[in-house]
Amino acid sequence: MLEVKQVSKLYENRRGVEQMDFSMSRGEIVGFLGPNGAGKTTTMRMITGYLNPTRGSILVDGLSMADHPKKARSKIGYLPETPPLYPEMTVQAYLRFIADLRDIPVREQKPRIGEVVEKLGLQGREKQIIRSLSKGYKQRIGLAQAILHQPDLLILDEPTSGLDPKQIIEIRGLIRELGENHTVLLSTHILPEVNAICNRVLIINQGRIVLDDRPDNIGSSMGETFEMSVEIKGPREDVIRQLGTMPEIGGVKEADEPLETDAETVKLRLTSADRTDIREAVFYKLASLGYPILEMKRESLSLEDVFLKLTTTEEKGAEAETAAEEVEEHA
Amino acid sequence: MRRMLAICRKELQMYFYSPTAYVAFAFYFLISGYFFSVSFIGYMTTDVRLLFGNIMVVYLFVIPLLTMRLVSDELRQGTDELLLTSPASITEIIGGKFLAALTVQLTLVVVSLIYPWIMSAYGPIDQPVLWLSYLSLFLLGATMMAIGLFASTLSAHQMVSGIVAFAMLLILWMIDWLGDSILVSARDALQKFSIVGRTSNLQKGVFDLPDVFFYVTLIVVFLVLSVQVLERKRWR
């Protein structure tokens with residue numbers, strides 16, 4: 001669906017995008033993740049044809065952006081970071097204009113606009129001037145604009161930025177719904193968003209891709225050992241001693257959370273000796289000892305941890321710190 | 001072509017929504033009406049030629065007001081990202097915008113026909129002079145619109161675009177004055193480039209094809225320059 005081949009955007013005095021290389025197949029929802037200034041917007045602008053890359057090529061559904069720009073652009077729906085609206089126009093007039101611009105035949109315009117208006121919950125607002133609408137509605141009109149011509153590929157630049165939590169949930173739901181019929185590339189610097197929507201994540205930092213994986217794989221693939229936490233009913237010392245004798249287990253640590261007052265249960269954090277899954281072994285061991293397991297959970301690195309690890313090891317310094325601050329803000 | 005018309009229609013709507021256009025129109029009718037009253041009542045003549053010099057001066061102020069937001073506003077609001085990522089080519093975008101400006105210019109010209117119409121009630125009017133003068137007015141205005149459109153691609157700030165347009169127009173307006181004082185040897189050459197000087201033949205009732213070509217060429221040059229400026233933005 002989309003192929004980005006060795007694309008670079010070079011600027012004289014600041015970092016652009018270097019050797020970006022990835023492809024997306026039909027039906028994927030890909031999250032594009034990175035701290036501010038990592039090159040997300042620049043990359044998206046190159047994919048949509050707003051900017052030309054300095055080097056490399058971009059193919060949309062097999063069509064080269066450089067050789068067939070009109071055809072390639074017509075396959076893409078794009079929502080820039082600030083929705084590109086004309087505040088003086090009414091919602092209806094704006095969508096009409098987009099329909100004309102996007103070559104939707106006159107006869108199909110009305111039903112198509114009606115469909116999109118309904119999908120995005122804009123009913124009753126068609127006659128309103130865009131300026132008078134709230135930020136959430138503006139964002140929806142921006143989305144309406146992007147999907148009006150039923151593009152194969154949808155590029156969304158920070159689709160949930162500046163919205164309140166309720167609106168964020170609504171927009172996420174919409175994107176998930178859109179992902180059923182479209183291929184979606186969305187950028188964000190909010191980590192839970194990727195977990196919530198995407199089935200693949202690309203992390204970029206300082207103009208390069210540093211990670212490309214499924215969001216649920218990321219945690220485990222990054223960790224060196226297998227970690228889990230358990231809550232066991234039984235005498236504390238004996239449980240710890242018994243588990244410590246197991247060859248599979250590399251470390252037993254009491255969870256640092258304050259224990260409940262009744263000493264009946266014990267909470268532990270276990271680390272495997274190698275990278276194998278130790279949950280089964282722990283279950284049988286404790287079962288044979290007659291200590292029931294009340295809770296057992298696999299601990300994997302969260303996206304936050306991965307993100308920080310990746311973006312800070314690249315270059316320790318001020319930039320990494322700001323990234324960390326942002327993550328905290330949105331966590 | 002359809003995309004160009006869509007952009008043209010949108011621009012016309014924007015003219016209709018924006019207060020600047022109303023102010024510019026009001027200013028145009030106020031000043032040209034004033035000039036008309038002064039010359040018509042003052043000289044008691046039905047000579048239409050007296051009208052046009054004055055109307056052209058008003059263009060100098062009104063046209064930058066009417067063109068300054070054409071592209072600047074898109075750049076400021078980020079809607080250029082919408083247009084440049086749509087299937088419309090930059091030529092279509094600029095073409096649509098110029099077509100809208102041309103429609104507005106045509107309105108200005110047509111509405112000012114009211115002055116000779118009033119005059120015609122008081123005496124005969126030299127028909128060829130009248131219509132050729134109106135042709136010159138339209139061509140001059142269209143050229144000024146193209147220059148204003150070009151100025152608008154240069155900045156995201158309407159005011160800057162407006163001032164640049166005004167400065168460019170003023171220079172082209174007065175370029176032959178150089179020939180009168182400093183560069184006397186280049187006088188004939190400079191006169192050929194004066195956008196006002198080129199109207200004098202038509203306003204005498206003489207149809208001179210090179211004059212028409214002059215304006216059409218200027219329009220094409222500035223439209224092509226506008227397209228190039230926008231095209232360059234892709235390479236930033």
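Q: What ipTM and pTM does the predictor give the complex?
A: The complex has an ipTM of 0.88 and a pTM of 0.82.

Q: And what is the mean pLDDT of chain B?
A: Chain B has a mean pLDDT of 89, and 100% of its residues reach 70 or more. Here pLDDT is the predictor's confidence in each residue, from 0 to 100. Chain A averages 83, with 88% of the residues scoring at least 70.

Q: Where in chain A is the pLDDT below 50?
A: That applies over residues 315–324 of chain A, a stretch with eight contacts in the model beyond near neighbours in sequence. Two residues are in contact if their C-beta atoms, placed from the backbone, lie within 7 Å. Where pLDDT is low, the predicted coordinates should not be read in detail.

Q: How many helices and strands does chain A have?
A: Chain A has twelve helices and 14 strands. These are DSSP runs numbered from the N terminus, with helices (H or I) of at least four residues and strands (E) of at least two.

Q: How much of chain A is buried?
A: Of its 331 residues, 37% count as buried. A residue is buried if 20 or more other C-beta atoms lie within 10 Å of its own, exposed if 12 or fewer, and partly exposed in between, with C-beta atoms placed from the backbone. Among contacts in chain A with a separation of 6 or more, 70% join residues 24 or more positions apart.

Q: Which residues touch the most other members of the largest nonpolar core?
A: They are Ala144(A), Ile155(A), Val184(A), Ala146(B) and Leu149(B), in a core of 123 residues. Helix 8 of chain B, residues 127–153, gives the most to this core, with 13 residues. A nonpolar core is a set of buried Ala, Val, Leu, Ile, Met, Phe, Trp, Tyr and Cys residues joined through C-beta atoms within 7 Å. A second, separate core has 13 residues, including Phe226(A) and Tyr291(A).

Q: What is Ala146(B) in contact with?
A: Leaving aside neighbours within four places in sequence, Ala146(B) is in contact with Phe98(B), Leu218(B), Ile219(B), Phe222(B) and Leu223(B).

Q: Back to helix 8 of chain B: how many of its residues are buried?
A: Helix 8 of chain B is mostly covered, with 21 of its 27 residues buried. From first C-alpha to last, this helix reaches 39 Å, close to the 39 Å expected at 1.5 Å a residue. The expected span is 1.5 Å times one less than the number of residues.

Q: Where does helix 3 of chain B bend?
A: Helix 3 of chain B bends by about 35 degrees at Leu60(B), and a proline, Pro64(B), follows within four residues. The bend at a residue is the angle between axes fitted to the seven residues ending there and the seven starting there. Among the buried residues of this helix are Leu51(B), Phe52(B) and Ile55(B).

Q: How many residues does each chain bring to the contact between them?
A: Chain A brings 22 residues and chain B brings 21. On the side of chain A that touches chain B, the largest share, four residues, comes from helix 3 of chain A. That side divides into eleven nonpolar, five polar and six charged residues. Ala, Val, Leu, Ile, Met, Phe, Trp, Tyr, Cys and Pro count as nonpolar, Asp, Glu, Lys and Arg as charged, and the others, Gly among them, as polar.

Q: Why does Gln6(A) count as exposed?
A: Gln6(A) counts as exposed because it has 12 C-beta neighbours inside 10 Å. Gln6(A) lies in strand 1 of chain A, residues 2–9, and has a positive phi of about 45 degrees although it is not a glycine.

Q: What about Met246(A): where does it lie?
A: Met246(A) lies in the loop between helix 9 and strand 12 of chain A. Beyond neighbours within four places in sequence, Met246(A) is in contact with Ala281(A) and Lys285(A).

Note on methods: Residues are numbered from 1 along each chain as its sequence is written. Chains are lettered from A and ligands numbered from 1 in the order in which they are written. This is a predicted model: local features need pLDDT of at least 70, side-chain atom pairs count only at pLDDT 80 or more; totals for chains, interfaces and linings use all residues.
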